[in-house]
Amino acid sequence: MTPCARNQPYLDALARAGAEPVLLETPNLEGFDGLLLTGGKDIDPAHYGEAPDPTTEVDPPRDQFEIPLVEEAISRGLPIFGICRGVQLLNVALGGSLFQDLPHHPPTPKELRSQPAHPVRIAPDGKLAAIVGERLEVNSLHHQAVKDVAPGLRAVAWAEDGTVEALESPDHPVLGVQWHPEEMPDAPWSERLFSAFVSRCAPRAAAI
């Protein structure tokens, strides 16, 4: 099992899309066809050269486990799907930085995590728009977000206040979203996101 806790909604979403999800026990992607990066605690800002904000809660063992996985997945050409912390980790692992606190971007209460909180605008010329369209109503469970976009990635979705809500790579099968599609299984676009990821991972398993 990875340093993050087992979270059933991710497993259920992958299974509905036809994947065979496996919780990684060692930081090695040999034999896997994709990597799902899930939500969780903040990434240590030392990884992007900053001191921690008082609101930042880090999980160093998880950072040490997952950052090399991103690098390995990129080198192997494996699909990556990052969710919430996952898109932030993608950005940091590839050389970007984060806003450590968004005081004017309050997260949805956990009891309402399946409910939409705000709209996002999606770049019409990106991979994400081809999957879900150019506008969504999404949930919001984060207090950090992408600041400087990493080389090799591009921002492709934004909240109304300009917060980056999704990143993708033009050169690799890499996509990350700031919201939590696994918590909104009844939204048609949620199923399309997981199905698109799993279709890129065929024929075997997706590691999380």
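**Notebook: helix 1 and the overall fold**

I started at the end of helix 1: Gly18 follows this helix and has a positive phi, near 100°. Helices here are DSSP runs of H or I with at least four residues, strands are E runs of at least two, and both are numbered from the N terminus.

This is a predicted model, in which local features need pLDDT of at least 70 and side-chain atom pairs count only at pLDDT 80 or more, while totals for chains, interfaces and linings use all residues. Residues are numbered from 1 along each chain as its sequence is written, and side-chain values use heavy atoms, without hydrogens and water.

Next I listed the buried residues of helix 1 (residues 8-16): Tyr10, Leu11, Ala13 and Leu14. Buried means under 20% relative accessible area with a 1.4 Å probe, protein chains only. Seen down the helix axis, these residues fall within an arc of 165°, so they line one face of helix 1. The arc is that of the directions from the axis to the C-beta atoms.

What do they pack against? I found strand 1 (20-22), strand 2 (35-37), strand 3 (80-83) and helix 5 (188-201). Contact means heavy atoms within 4.5 Å.

Then I looked at the whole protein. I counted five helices and eleven strands. Of the 208 residues, 54% are buried. Among contacts with a separation of 6 or more, 68% join residues 24 or more positions apart. The C-alpha atoms fill a box of roughly 40 × 35 × 35 Å along the principal axes.

Notes:
Buried < 20%, exposed > 50% of the residue type's maximum accessible area, 1.4 Å probe, protein only.
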